[in-house]
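Please keep the sequence and coordinates open while reading.

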Amino acid sequence: MHSLVAGIFALHVVQKLCFPYFWKDVFYLVKVIRYGARLEIFKMTSKVVTIIDRFVQQAERIPTKPFLIYEGVTYTYQDINERSNKLANVFLEQGMLKKGDSVALLMNNEPDFICVWFGLIKLGCAVAFLNTNIKSRSLLHCFNCCGAKTLVVGLFALLNNSFTSLLFLSDLLDSLEDILPSFLEDNISVWAMKNESSHTEVQTLLDKMDKASDKPTPPALRAATSLKAATLYIFTSGTTGLPKAAVITHLQSLKAAAGFWAYGGSEDDVVYIPLPLYHSAASLIGVGGTIEMGATCVLKKKFSASQFWNDCRKYDVTIFQYIGELCRYLCNQPKAEGEKKHKVHMGVGNGLRQDVWREFHRRFGEIRMCELYGSTEGNLCFMNHIGKIGAVGRSNFFYKLLFKYDLVRYDMVRDEPVRNSQGFCQHVNKGETGLLLSKIGASSPFFGYAGSKQLTEKKLMRNVFVKGDVYFNTGDLMAEDAEDFICFKDRVGDTFRWKGENVATTEVTEVLGLVDFIQEANVYGVEIPGNEGRAGMAAIIVRPECEFSGKKLFDHVLNDLPGYARPLFIRLQESMEMTGTFKQQKFNLVESGFNPSTICSPLYFLDFSEKSYVPLTNTLYGSILAGERKL
């Protein structure tokens, strides 16, 4: 008996030392396999329970439970279900839409976004979520991509681009005035969420919804027989070019909806959604995840750093969504008493840098930050279910059996994967950075982009390891450490070369973030005539209570960055240009370069003779171009 106990204890010690994450991995994988088995049953029986089916089920099971809280008003599952029925019945009575049609939705965060979305899905339509910030040329392009002949427009446009100030509202329909004639020419009908409109060519919805029945539409209209049928089109914006319409199938939406549940979320949770619904994080993971759990969500018109914690306390929020720089904005808020007094126990999102992660924990408590990795159109997802700081996900032997992915060597100079003499890609070693590729197959399909076979083909890599194989090219440089944690290194194109070395903008940004007077940094590469590659440059925001110190920054980069990675130029800014998902924009900064005669912002140069960053004058700029300064 003693030997048995000793043996069990020895096994326990070995497991703790050699396989410290064993049980957490097992419990997580059991959840993944359970959910995957459910989807496989859908495939075999052709009886797909979609997100809208789940919502209707929840509305019948818990009709009076709060589903959505918006600007202090609570909407139950029944409220949203009945209002979406009204919208569906309006279009059903008009006889304009049929099952399989595509309808475009241009609306900011508000309850009717969800009601319109659900109502159209109940008719069997695919819905295209349009970014409310896109301009007329892009908008027409979006219609051509998804083949929509109907547009539903929300009431208000958000005019300011600040994350802390008040919102200014204007009529969203007025912003379309210059392209309404083009819609008419293309036989696109426009419906506005209004009781009346000054635009005679626009039909109104609110007055018709008030009179419509709230009875359910025939279930056969929304019934799906295949997981691979398109249910949404979500537009992704690359660094250049027009938006791409990612095809979102029932399979992808169901997988995304399982995110909170996989991390341990339950029906008792209250989810805070400050992200735009036209992006997949808020709609698929946020709203879809709330439905899957039977929980409640708090929807914000727009993210506000100053209102965030007050909202969390007011509505007893337990889970919040983040993306990009959102958590940094929270950390940059003035310190206040009782910052750890809240019920938030989990944050789910991506793009959380290590320095911000640690500062967030220090300021607001040991909230479990659940990083995940995956693009809107991608066929692979990583989840950091362990919570290791700096990792976007975790893999293991069993995960690799289920999901086929590889990291391959990438040539930064030629901007392409390295191939051997036989023309095949090469695996990287553990800990090395490589391009992440995900194998396309029956269990991990890639559905591509609507309206463009060429764009779809550009995301594919063929003959990667053997003739005939096909992989999805994520465009992301990643590394997998000895413990199987996956870390994001950089985006292909964001990494640049200087002095024959690769400079990862993410790593330099994290180092600069450690300087006490720097609130935010955006690192990129600029061309210097007569020099190969790109020199490092950083746009930074100085903390309100601090002053820029060229000497302190010089000492910091000298000690913490190799010579090739030190930014040669610094640009001081009051704000950063951001995308709709709180990611830093680099394109305009790269294009503007470092010419002090064309840039109004203060510029500084890394001067070794002065052992400081010194003001970049026109004279100094000329000497750099003439090759008279050490770079």
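In which sense do strands E1 and E2 pair, and over how many bridges? The pairing of E1 (residues 66-70) with E2 is antiparallel, over four bridges. This is a predicted model. Tyr70 has Val73 in E2 as its bridge partner. Two residues lie between the strands of this hairpin, and Glu71 takes a positive phi near 50° there.

**The sheet**

E1 and E2 belong to an open sheet of eight strands, in the order E2-E1-E13-E12-E14-E15-E16-E17. The pairing is mixed. The edges are held by E2 (73-76) and E17 (382-383). Each has a single partner strand, so one side of each lacks a neighbour in the sheet.

A parallel pair also occurs. Strand E12 (residues 270-273) runs parallel to E14 (residues 319-323), paired over two bridges. Strands of a sheet pair through backbone hydrogen bonds, in either sense, parallel or antiparallel.

**The cysteines**

The disulfide count is zero, with a cut-off of 2.5 Å between cysteine sulfur atoms. For Cys146, the closest cysteine sulfur is in Cys145, at 7.1 Å, which is too far for a bond. Cys381 is in no disulfide either; the nearest cysteine sulfur belongs to Cys370, 12 Å away.

| Residue | Relative accessibility | Class |
|---|---|---|
| Cys146 | 7% | buried |
| Cys381 | 34% | partly exposed |

Cys146 counts as buried because its 7% is under the 20% limit. Cys381, at 34%, counts as partly exposed.

How values were computed
Residues are numbered from 1 along each chain as its sequence is written. This is a predicted model: local features need pLDDT of at least 70, side-chain atom pairs count only at pLDDT 80 or more; totals for chains, interfaces and linings use all residues. Side-chain values use heavy atoms; hydrogens and water are left out. Two strands pair if DSSP finds at least two bridges between them. Buried means under 20% relative accessible area, exposed over 50%, partly exposed in between (1.4 Å probe, protein chains only).
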